[in-house]
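Good morning, and thank you for coming. Please look at the sequence and the structure while I speak.

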Amino acid sequence: MTIQEQYKTRVRELLSSGTVKMVIGYKAGTTADRRRPLFIRTPEEADQLLLDSACIANLSGYLIAEGLLSDEKRVGIFLKPDGIRTINILAAEAQLNIEQIIVLGFDITGQEVTALQGETAGDFSALIESIKEGAPEALKNPLIDQLEQLNPKERFAYWQAEFSRCIKCYACRQACPMCYCRRCIVDCNQPQWVNTSSHTLGNFEWNIVRAFHLSGRCVGCGNCDRACPVNIPLRLINARMAQEVLGSFDHLAGMSDTQEPVLASFKKDDSETFIL
Amino acid sequence: MRTEYPVPLAPFGQQLHTYKDCTMAKIGVFICHCGENIGAKVDCTKLAAAMGEHPGVAVAVDYKYFCSDPGQESVKKAIRENNLTGVVIAACSPRMHEATFRKACAEAGLNPYMCEIANIREQCSWVHTDPEMATEKAADITRSMVEKVKRNNKLKSIEVPVTRRALVIGGGIAGIQAALDIANAGQEVVLVEREPTLGGHMAQLSETFPTLDCSQCIMTPRMVEAAQHPKIRLLTYAEVVGVDGYIGNFHVKVKMKARYVDTESCTGCGDCITKCPNKKNSSEFDCGLGKRTAIYTPFAQSVPNKPIIDKANCTYFKNGKCKVCQKVCELNSINFEMQDEFIDLEVGAIVVATGFQVQDNSVYGEYGYGKYKDVINGLQFERLASASGPTFGKILRPSDGKEPETVVFIQCAGSRDPSKGVRYCSKICCMYTAKHAMLYAHKVHGGKSNIFYMDIRAAGKGYDEFTRRAIEDDEASYLRGRVSKVWEENGKLMVRGVDTLLGKPVVIAADMVVLATAMVPQPDAKDFAKVVGIGYDEYGFFNEAHLKLRPVESSTAGIFLAGACQSPKDIPDSVAQASASASKVLALFSKEKLEREPVVATNNETTCAGCWGCVLACPYNAIEKKDILDRSGKVIKRVASVNPGLCQGCGTCVSFCRSNSLDLAGFTEQQIFAEVMGL
Amino acid sequence: MSEPFEPKIIAFVCTYCTYAGADLAGTSRLKYAPNVRIIRLPCTGRISPMFILKALQKGADGVLVSGCHPGDCHFTHGNYHARRRWTVFRALLEFTGIPLDRVKFSWISAAEGAKFAEFMNSVTEDIRKLGPFDQYKELIKETEAPATL
């Protein structure tokens with residue numbers, strides 16, 4: 001049995017036994033290499049389920065849709081390790097109750113999809129632990145290194161060119177499971193901290209604020225990057241920030257559902273070499 | 001995901017979070033020459049003219065001294081005549097005269113928080129040489145403040161009701177002193193002690209330095225006074241397990257541990273103790289040098305003088321058979337079924353006086369503590385020297401009960417030793433070691449005492465004289481140096497150390513070795529600090545709000561510190577701090593309501609996403625989780641809610657808040673934005 | 001330019017330490033460069049990274065942030081939280097090409113009037129050498145409207 005069929009069976013079981021009220025998975029999209037989210041409420045609907053190497057989107061943002069979890073019933077969801085880390089963060093930030101989530105874990109290496117053993121987010125803690133061990137290596141990115149070789153002027157010019165394309169559609173925000181605020185700071189106009197016009201200054205401010213708000217919270221799922229209609233390499237900034245919090249505070253986002261947010265906590269001996 | 005609920009805002013919150021219409025602002029700008037101090041560098045007339053042109057400025061004038069009486073009068077007059085909505089005083093630092101001018105504004109009918117100070121003296125005229133640039137900078141500073149004050153809110157000082165009842169945690173000398181001082185001033189006190197009796201460590205001591213009066217003689221009357229005081233409710237064998245609330249309004253949960261003896265009916269006759277067959281339990285009060293029964297009072301003068309059953313060692317609890325105590329008790333006071341109980345208290349202030357412990361000296365393997373019976377610590381020596389102790393005040397070796405002919409005292413056994421012990425000085429050891437040497441000399445004639453020391457620290461009234469007496473009258477031999485090893489040889493304890501003044505190693509054959517053990521925090525101090533909601537240092541001593549200026553207050557408003565829980569202290573210091581804490585409590589209780597500066601955070605509950613980062617970041621536990629209910633009482637969402645009684649106004653939460661929902665009165669986002677943009 | 005470039009620098013400081021240190025520099029009559037404008041806040045914990053961005057938008061050539069030394073915070077922990085925030089925000093600024101020579105952080109206590117004065121001088125001199133922050137000013141110009149309230 002293929003992994004897709006195994007999981008279909010599992011989804012049908014979960015629904016027919018009443019363990020979950022819904023499973024969030026993937027179905028075919030508009031093109032061959034695109035997938036759309038699938039919200040499965042009955043065992044029959046599981047027929048549409050697809051699970052292959054194109055299922056890369058992090059679905060966890062759908063869990064915090066208004067009212068979905070408020071009846072305290074369980075929901076199943078297909079998640080890669082980055083998605084599991086995401087729900088850990090959402091739980092740590094009190095946006096969902098981790099016990100309501102049944103994880104259908106999988107991972108993609110190249111074209112191959114493998115199943116991950118476990119049912120609740122906590123079952124994957126050993127896996128996430130190993131991700132943290134490998135993180136210094138995994139977060140490396142030749143483009144980041146290249147950018148860091150440039151002088152500030154050149155780096156500024158690079159981002160100026162990238163951000164000049166931004167049209168302030170906020171698709172990056174909408175696609176990000178971490179952007180759950182009821183009111184985004186950019187929509188706050190008293191005072192208007194972030195310029196809303198899509199001139200480069202406004203775009204620059206928006207993208208800096210976005211990256212700052214995701215520092216220590218982003219798992220690098222790439223939803224923002226893929227959602228961007230003008231292909232701004234948003235993931236690059238996020239990855240750089242992830243490197244920073246890992247290096248400076250030994251913090252990898254989403255280790256557990258009780259992990260303290262890196263910017264709401266501190267250690268007295270945090271490094272401060274830059275402070276005069 | 002991003003729907004907004006029509007949740008009503010708190011009136012105070014509304015004020016901060018809504019748009020400030022600045023078009024109707026009428027700001028008065030008052031530029032002070034401060035004699036020559038400002039006027040010599042900053043062209044005040046030019047500055048006034050420039051400010052007069054600024055949008056929203058109704059009046060801009062300069063004057064020699066605005067802080068003078070006529071100066072203040074002119075400000076008041078301008079406020080009344082022009083119906084000013086805000087005032088900027090461009091003068092000295094706000095740290096000098098902010099209060100002066102706020103008061104003047106209030107007298108003229110303007111909300112005092114509509115007044116801001118532009119610091120053009122300390123941070124401009126005094127530090128710059130070029131008049132033109134100084135004037136330009138002064139204009140920037142003043143303009144920035146004008147823009148800020150346009151967005152100021154009419155704040156009201158915060159009133160917090162006060163429950164006039166104090167909780168004192170810890171029934172040692174510090175706790176008793178604080179409780180008595182508060183109660184004698186007519187306020188109610190609840191005194192909670194976790195041991196079965198009041199007394200703490202002081203009750204264990206033999207004599208006290210520098211007067212050598214008997215500790216119990218001065219301690220026990222205070223214990224009795226506290227227990228019998230009509231204003232003091234005494235809860236012994238009880239532990240504080242939860243503290244909620246804030247200054248003036250604390251909710252406290254106390255666990256009354258099961259004593260298995262009904263204290264109401266028990267008269268303390270002691271029949272049960274005499275008859276208890278289980279007599280071989282190590283006495284905590286005697287530091288393991290004596291024995292006690294399984295049903296016991298820690299010592300003869302215990303307060304309350306009602307026994308408890310040591311459940312871990314009681315024959316009945318272990319084997320299910322015995323109950324001798326129950327049989328002999330004529331009042332039927334023994335109850336083996338007793339359970340822990342919980343009491344809720346409402347108090348307005350808390351004094352934490354939880355004391356200390358002595359360090360476990362077994363970390364010093366080379367001194368043989370725990371290995372050789374005759375190596376004891378200072379507290380054990382107190383018990384030996386105490387008339388009520390296991391030897392009735394005779395100095396006898398624990399191993400064979402013989403009088404020691406030579407005793408070696410080792411100071412700084414743990415203190416000032418970063419490698420094995422603690423880095424700090426325990427403060428009392430120099431004094432009590434001198435006292436021990438004197439007591440030994442008085443009790444064992446011809447006894448020879450040798451004291452190894454690093455420094456003699458005897459600062460205090462009558463203290464240095466005391467150590468001199470030990471040396472001169474009682475012939476204590478002080479050797480400046482450390483001990484490297486203690487071992488047993490032919491029934492003697494061989495002490496090898498160094499006399500650094502002679503520059504020679506020394507070996508002393510002793511009959512007893514006394515370690516002047518470090519004072520350390522209670523082992524559970526850090527956990528307890530979290531229960532109470534106060535800070536602690538790296539060791540576990542509780543943190544004062546300010547080491548010099550607020551030494552008896554914790555960083556949490558309404559919670560005070562007394563005694564050795566804050567740092568090592570002797571009795572006079574503990575008592576002084578306890579009385580100081582009591583006076584702080586009484587000052588707090590002197591009014592029905594507290595008034596506080598309204599610089600506190602508020603939350604916009606409509607936009608709050610409930611991520612609780614602020615709850616974690618707040619240094620004062622001032623942010624709570626609040627349920628927003630719909631009409632049927634169902635929880636719609638949970639939001640952060642700032643308790644203005646606890647909030648100290650640092651604004652850490654505000655900068656954390658990603659959705660910009662939190663804001664800080666007096667330093668709002670709009671105000672700071674305007675300040676930057678006004679530059 | 002014949003005249004030396006006078007940089008515009010905006011400083012965000014806490015009232016208990018650095019603001020008091022600045023006052024001490026004043027009462028000690030120390031002399032320092034007049035280029036820095038100070039914004040007073042209760043605590044470094046109140047200093048949001050947003051302030052730095054707005055200072056740049058206002059045309060600042062440099063931004064300073066300063067507060068109590070670790071362990072000295074009037075509010076016990078505010079500066080520790082601030083320090084974490086700065087570490088992250090500083091890395092972000094660096095990565096996006098804002099020169100770190102233009103955004104500086106320091107601890108200056110209420111007793112360090114001399115340090116404050118020296119810091120003002122050295123920062124002003126450094127930024128004078130860097131010249132105006134033209135790259136950012138170009139962005140501001142592109143908005144076709146000056147920064148408004």
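Let me begin with a question: which residue is the bridge partner of C:L64 in β4(C)? It is C:K104. Please keep in mind that we are looking at a predicted model.

Strand β3 of chain C, residues 62-67, runs parallel to β4(C), and five bridges join the two. Both strands are part of an open sheet of four strands, with the order β2-β1-β3-β4 and parallel pairing. At its edges are β2 (36-41) and β4 (103-107) of chain C, each of which pairs on one side only. On average, neighbouring strands here are turned by 20 degrees against each other, direction ignored. Helix α1 of chain C, residues 18-27, packs on this sheet and touches β1, β2 and β3 of chain C. The direction of α1 makes about 115 degrees with that of β1(C). Helix α2 of chain C, residues 49-57, lies across β1, β3 and β4 of that chain and runs at about 150 degrees to β3(C).

I turn now to chain B. Here an open sheet of three strands has the order β24-β25-β26, with antiparallel pairing. Its edge strands are β24 (483-489) and β26 (504-510) of chain B. Strand β25 of chain B, residues 492-499, pairs with β26(B) over seven bridges. Within β26(B), B:V506 is the bridge partner of B:G497.

Finally, how do the two chains meet? In chain B, 37 residues are in contact with 34 residues of chain C. Among the elements giving two or more residues to that side of chain B are α7 (131-150) and α20 (669-678). The residues on this side divide into 18 nonpolar, eleven polar and eight charged.

Conventions: Residues numbered from 1 in each chain as written. Chains lettered and ligands numbered in written order. Predicted model: local features only at pLDDT ≥ 70, side-chain atom pairs only at ≥ 80, totals over all residues. Pairing = 2+ DSSP bridges. Contact = placed C-beta atoms within 7 Å. Nonpolar A, V, L, I, M, F, W, Y, C, P; charged D, E, K, R; others polar. Axes fitted to C-alpha atoms, helices over the stretch in contact; angles between N-to-C directions.
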